[in-house]
Amino acid sequence: MTALADTTVRPQPRTLTARLARLAGRSPTHVILGVIALVWLVPSIGLLITSFRPSADMRATGWWTVLVEPRFTLTNYDRVLEAEGMAQAFLNSVFITVPATILPLLVASMAAFALAWVKFPFRDTTFLIIVALLMVPVQVGFIPLVAGFRESGTGLLTNYGAVWLAHTAYALPFGIFLLRNFFITLPKDLIEAARIDGASNVGIFRTIVVPLSVPAIAAYGIFQFLWVWNDLLMALVYAQRNAIQPMTVKVTQLLGTYATEWSLLAAGAFLIMVVPLVVFFSLQRYFVQGLLAGSVK
Amino acid sequence: MAVATPPAAAAPQPRKAAGGAFSWSVPLFLGPAALLLLGFLIVPTIYSLFLSFNRGRGGEFSNWVGFDNWVRLFTQDPDFLRLGFPPSGALWNNILWIVFYVSLTVFLGLLIAVMATRVRYEAAIKAIVFVPQAIAATSLAIIWRFVYSPDDETGLLNAVLGIGNVGPLSLLGNPDTVNWALIAVGIWGSVGFATVILSAAIKGISTEVLEASRVDGATETQIFWRIIVPMVSLPISVVAVTLVVGVIKLFDLIFVMTDGGPGTASRVIAFNMYQEAFPQGQFGYGATIAIVMLLLLVPIMIFNIRRFRATAVQQ
């Protein structure tokens, strides 16, 4: 590029030499990005291939040998789903995740509306408390809540109650924060006009704020859905019965039993990934928005 | 708003709407959130703080022990912190994570973001590095346990090293290498996050500035360190803070990849908290570690409150 620094070329660096220089200057970029793409793709592809290989092959040769002798089977998925109970665990993941996404969406958007558009004493202080609660780790709740649930005799730890409530509560600070910051950007005139026309707060929330905030609510919904679906720790603590545990817990149990049965573990790992990957590739735009907004959590 | 208000007749209605009178809708809208936050975050936090002064073995909270848990945690628990050379323990491992994982994730994220802007397949490369963000840490851990497998007929890494007659190595089985192997996986999982956020920031730098410095003879390395890095320093700090918070809460990856081992070599604070509280049943000690986690997050809490106090009052 320095060769181009003489006055005649500077205004228009589109000569042949300029193009060659740029190409030469860029090829390291392509090489480095190519290596990065490989490092990020190959580990996952290796496990995906392994999940479809007969376990005898898996024990004998590396997954990369499928390039020369491809041999695939669905046995691993069959075995992990039926004999190892991943089918039930998949349903459990759904039973845990759906309410633990809808509940915080509802509760957080209501609270966010009040913080954005209804005046009440100490409103700013309340919002700052929410901001502070963003940083409270789930761990501080574990012992009081588990002890409390046990003593309450409600069986919440062995039905889905505890895991729903805990996920909902710990999702709220982020949800309220995100949605309140979105709601206050809605046009003030619109909401004031509705008030003058006699609309109630409930009416304004339902007919104006929620419909106009679909992108933000969707971004938060996807973020929360993936958060709960992918979670292991909260499920370990709050879902204390085998029959209700999600796939993440089930796979760690498989790992304890079959530490080197890679074809089985690979199938289990991919079953967890299927739903998030579908969500990711179909709703990428909302997903990235949610993530960008999530950078305060 | 007051400008648009007609005088006399309509006056009471907008005044109420503007917040003069108490509205019953406030408890309706805030009630559920307030109850959940009080019951599940605020009260349990205070209760955990009390329990950190209790033995609390197996959920029996009758034995108040003063500062025993705290003294034990910082002076007699080598799994939590062992000073010496080199230091070890969960807290030390978290420090290693913060220093190496955070800095390398930010650096690689920035590098990929900058390089990606110059190629036509920018969207594809960003999507590729971003995918681990969508994956459960449990799956990510299995992907990498498989890559690190000490058997060179199974593990990709040892197969590659085998070509150069190195190994086979058991990176996860050796206390000297396990934390570095885990940090590498952490970086692999988080670079996409840094790339996407920093890429958006880089797009905001005017091309004129970059072109002008190129014309003035600046090398690409100089442009990277002297123009791009300073101009995106705010998003860099946001990414770094987010990653630090992630390190303090780090659990799933360690639990699935090494279960804190070999021995206790790869434990982190959140792992110790779970381990002491649940399998061991030491509720008082577990509560103490939970409060330590909270205390580590307090500076970030204060930082956030300062950052958002302005916006809260503005409205």
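Author: Let's start with how the angle is taken: axes are lines fitted to C-alpha atoms, for helices over the stretch in contact, and angles run from 0 to 180 degrees between N-to-C directions. Helices here are DSSP runs (H or I, at least four residues), strands are runs of E with at least two, and both are numbered from the N terminus. Before we zoom in, keep in mind that this is a predicted model, in which local features need pLDDT of at least 70, side-chain atom pairs count only at pLDDT 80 or more, and totals for chains, interfaces and linings use all residues. Residues are numbered from 1 along each chain as its sequence is written, and chains are lettered from A and ligands numbered from 1 in the order in which they are written.

Now for the pair. In chain A, helix α7 (residues 161–183) packs against helix α10 (residues 214–230), with the axes 10 Å apart and an angle of about 155 degrees. Angles under 35 degrees count as roughly parallel, over 145 as roughly antiparallel, 65 to 115 as roughly perpendicular and the rest as oblique. So α7(A) and α10(A) are roughly antiparallel to each other. Their crossing is right-handed. As for that word, a crossing is left-handed if the near helix is turned anticlockwise from the far one by less than a right angle, and right-handed if clockwise.

Which residues do the touching? From α7(A) come H167(A), A171(A), G175(A), L178(A), L179(A) and F182(A), and they meet A216(A), I217(A), Y220(A), Q224(A) and V228(A) of α10(A). Two residues are in contact if their C-beta atoms, placed from the backbone, lie within 7 Å. Sorted by class, the residues of this contact are 8 nonpolar, 3 polar and no charged. For those classes, Ala, Val, Leu, Ile, Met, Phe, Trp, Tyr, Cys and Pro count as nonpolar, Asp, Glu, Lys and Arg as charged, and the others, Gly among them, as polar.

Let's step back to the chain around this pair. Chain A has 14 helices and 0 strands. Of its 297 residues, 47% count as buried. A residue is buried if 20 or more other C-beta atoms lie within 10 Å of its own, exposed if 12 or fewer, and partly exposed in between, with C-beta atoms placed from the backbone. Among the contacts in chain A with a separation of 6 or more, 73% join residues 24 or more positions apart.

One residue shows what buried looks like. I204(A) sits in helix α9 (residues 201–212) of chain A, and it counts as buried because it has 21 C-beta neighbours inside 10 Å. Leaving out residues up to four places away in sequence, I204(A) touches I191(A), A194(A), A199(A) and V209(A). F122(A) has 9 other C-beta atoms within 10 Å, so it is exposed. It also has a positive phi of about 60 degrees although it is not a glycine. Most residues other than glycine have a negative phi.

Chain A is also split by a domain assignment, automatic or from a database, into domain 1 (2–73) and domain 2 (79–296). Where these two domains touch, each gives 7 residues. On the domain 1 side, α1(A) gives the most, with 4 residues.

Chain B has a helix pair to set beside ours. The axes of α8(B) and helix α11 (residues 233–249) of chain B come within 10 Å and cross at roughly 160 degrees, so α8(B) and α11(B) are roughly antiparallel to each other. The crossing of α8(B) and α11(B) is right-handed. That contact involves S190(B), A194(B), I197(B), L198(B) and A201(B) of α8(B), along with P235(B), I236(B), V239(B) and L243(B) of α11(B). By class, the residues of the contact of α8(B) with α11(B) are 8 nonpolar, 1 polar and no charged.

Finally, the chains meet each other: 84 residues of chain B are in contact with 85 residues of chain A. Helix α14 (residues 283–314) of chain B supplies the largest share of chain B's side, 16 residues. That side of chain B has 62 nonpolar, 16 polar and 6 charged residues.
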